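Have the model open and follow along point by point.

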Amino acid sequence: AAVSIDLVPLVTASHKLRLCRLPRVAASHELRLCRLPRVAASQSAVSISPPSYYSFLLLLVPPSASFRLLPVGDKSMDVLSIAVSPSVFGNFPTKISDCFSFPVRKRKKANNRRFLFDSANRFPNRFSLDPKIQAIHLDEVGADKPESITGLRLKDVDWPSPSDEIPFWKREFNTWDANSEVPVHIEKDSDLLHAIHVTAEMAPIAKVGGLGDVVTGLARACLLRGHKVEIMLPFYECIQKGNIQELSLMSTYNSYNDGNWIQTNAYRGIVSGIPVILIEPMNQFFKGDDVYRGSYNELEAYLFFSRACLEWMQVTGTQPDIIHVHEWQTGALPLLYWDMYHYLSLQKPRIVLTIHNMEHYGECRQEQLHKCGLDGSVYASIDKAIDDRTIGHNPERLSLLKGGIVYSNSVVTVSPTYLNETLCSGWLASALITNRDKYHGILNGIDTVMWNPACDVFLPANYHAQNTSGKKVCKQYLQKGLGLALEGNASNNHLSDRVPLVVCISRLVAQKGLHLIRHAINHIEEQGGQMIILGKAPDSRVEREFEALANLHNKGSTVRILLMYSEELSHMLYAAADMVVVPSIYEPCGLAQMIGMRYGSVPIVRKTGGLADTVFDMSDQSQPEMANGFVFEGIDEGSLCRALDRSFSYYREQPIEWENIVQKIMQIDNSWNKTAGKYIDVYNSIRVR
Ligand code: ADP
């Protein structure tokens, strides 16, 4: 049945002008966008096919017209963001990322929208309700010129200030729908499989760093290719249940821990479009305010979790083709699988281990491994799980990560350069060299659904590569909200007035180049730039040190050091920034530089690991077409400063070229869609038919 959208002439003057989009957009409908009808000024009705009410509702308006879309019958639908397509400027959009959207006015309660668009139960006949949308042709308003759209955007921004009672990043945001923007042209694979990730993190509900992003992004990419994918995660007490859709208790079973069988609940739910299975033991494990560092023994908790996932598969008869484990936390699972559950009823699964960071080895004493039911002494040999560094010590120790490497069918790390680095240095190098045939380097992607400036709900203004004016709004928004100096008046446009804003969004740990981050603060200030650091330090000494820096600098108008974790603020910062600095000492892959590029923030990075695989210096004549940032090699402050200086000069002296780079990097495809296929190849190479 076709859904019709009625276009009727404007009837009341009290209606405000806007184009809008429905906030809920389902997967796989992006292609529909280009099939949506072009609305002529003379047209009074158009028809689009269902489930169009779930699609990105965008009418391609002629340059001289604008339309208002109003829901009929329920005001709470009338709270949307504006979506303007480049068709306003004469182009034809082919995908959602070609459009940008921004909120029109104060948002109403997120609940309202969710209620309307999520709740099939409350509105069993919503199909008849939602599509009743009127698009009103605003002849009276006259031609809608591009400038007026920009004007509208600025006018409607609800500007923040540092004195706001509720900080701007804690405001209520539009319901974010992961299904909303799906990249176009994703072909389904012909040979489909079932993979279950077993992981300690998943974005956004239990994210600490890149691991969470990677699991979610890879899972989504594989789902879109038609595979069956689930994510098994501890049901941390800190997970906000409101972020899980369709949460329900699926099974209660017992799983082993230290001589006892612990009653365990397995919940099912959907998180940002991805099926999850949450494991909740009825003991103290995974209780606390944060994902990590609760008051329980973390090693024991993850040993329990690894076994509880296999136990769940066993009791429910679930046999995926692939069990994909991540990091040391789930490193014992391959041991448990091959030496225990494979002798029970699990026959089919094969195991992939991804190492996201070789800094943590999962050090484990033999008797600790006993707690999950394995005989630790069996693994205390060089070809199994012994930590090579402890050989001859009393006692010798095991490494869960090494055990995972030995016992998995395939091992992946997160960039080709990091793969080479790990084969050449560190005590695990020998285990990796021994297992070289099954060791792969696959560059991480970013989740372009979660990270999309064209429809990011956390941004005060959306934008895309063809029109980045929303990015400037984001910069001003952050400057105002944090009390940073605003840029000089554009009308007396001196180049020196251009104030580059550099952001650094990072866990504050030694790996990230703390001395360089510290040094950048002073240098950027001296050079007339601005810097915002968003970071959390797990180590209390580092935390105190950065607190002291924050006390010193946050009073001025050029630097803000924000010691917290905020997903919302991180999105805003990537959008507001001119540059994103990632001065890591080592970096297995790094996501900040890729996310930064997606948001048009030029990366300044140290040449290491995945940073070396994704950022190429502007002055590199050997491959000018790849140039997308500023790269330095040394770990000394001078190397960083020279890169910062080069970027500042470029930004100030070549504003047009700078804008071209911004547009270019926004269009670089660092998405999972590009690299997920390599994981599928790995899965297929080991699966059992
Ligand atoms: P790592 O995994 O070593 O932390 P990555 O660069 O791979 O580093 O991933 C870091 C991820 O965590 C990015 O998505 C980044 O935006 C996010 N992140 C880091 N610190 C914060 C913070 N304080 N608040 C919000 N997001 C953060």
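1. Let's start with a charge and a ring. The charged end of K480 sits over the ring of W159, at 4.4 Å from the ring's centre. Keep in mind that this is a predicted model.

2. There is another contact of this kind to look up: R498 places its charged end over the ring of Y651, 4.0 Å from the centre.

3. Now for the sheet. It is an open one, built from 6 strands in the order β20-β19-β18-β21-β22-β23, with parallel pairing. Which strands stand at the edges? They are β20 (559–562) and β23 (630–632); each has a single partner strand, so one side of each is left without a neighbour in the sheet. On average, neighbouring strands here are turned by 15° against each other, ignoring direction.

4. For a closer look at one pairing, take β18 (residues 501–507) and β19 (residues 530–536), which run in the parallel sense and are joined over 7 bridges.

5. On to the aromatic rings: a search of the whole structure turns up 26 aromatic pairs. One of them is F286 with Y296, an edge-to-face pair with 5.7 Å centre to centre and 65° between the planes. F286 and Y296 are 10 residues apart, and each lies in the loop between β11 (274–281) and α6 (298–316). Buried or exposed? Both F286 and Y296 are buried.

6. W451 and Y599 make another edge-to-face pair, with 6.1 Å between centres and 80° between planes. W451 belongs to the loop between β17 (439–441) and α12 (469–482), while Y599 belongs to the loop between α16 (592–598) and β22, so this pair ties together parts that are 148 residues apart in sequence. Both W451 and Y599 are buried.

7. Finally, go back to F286 and Y296 and widen the view. They belong to one aromatic cluster, formed by Y236, F285, F286, Y296, Y302, F304, F305 and W328.

Note on methods: Residues numbered from 1 in each chain as written. Predicted model: local features only at pLDDT ≥ 70, side-chain atom pairs only at ≥ 80, totals over all residues. Heavy atoms only, no water. Pairing = 2+ DSSP bridges. Helix = DSSP H or I, 4+ residues; strand = E, 2+ residues; numbered from the N terminus. Axes fitted to C-alpha atoms, helices over the stretch in contact; angles between N-to-C directions. Phe/Tyr/Trp six-rings, centres within 6.5 Å; stacked < 30°, edge-to-face > 60°. Buried < 20%, exposed > 50% of the residue type's maximum accessible area, 1.4 Å probe, protein only. Lys NZ or Arg CZ within 6 Å of the ring centre and 35° of its normal.
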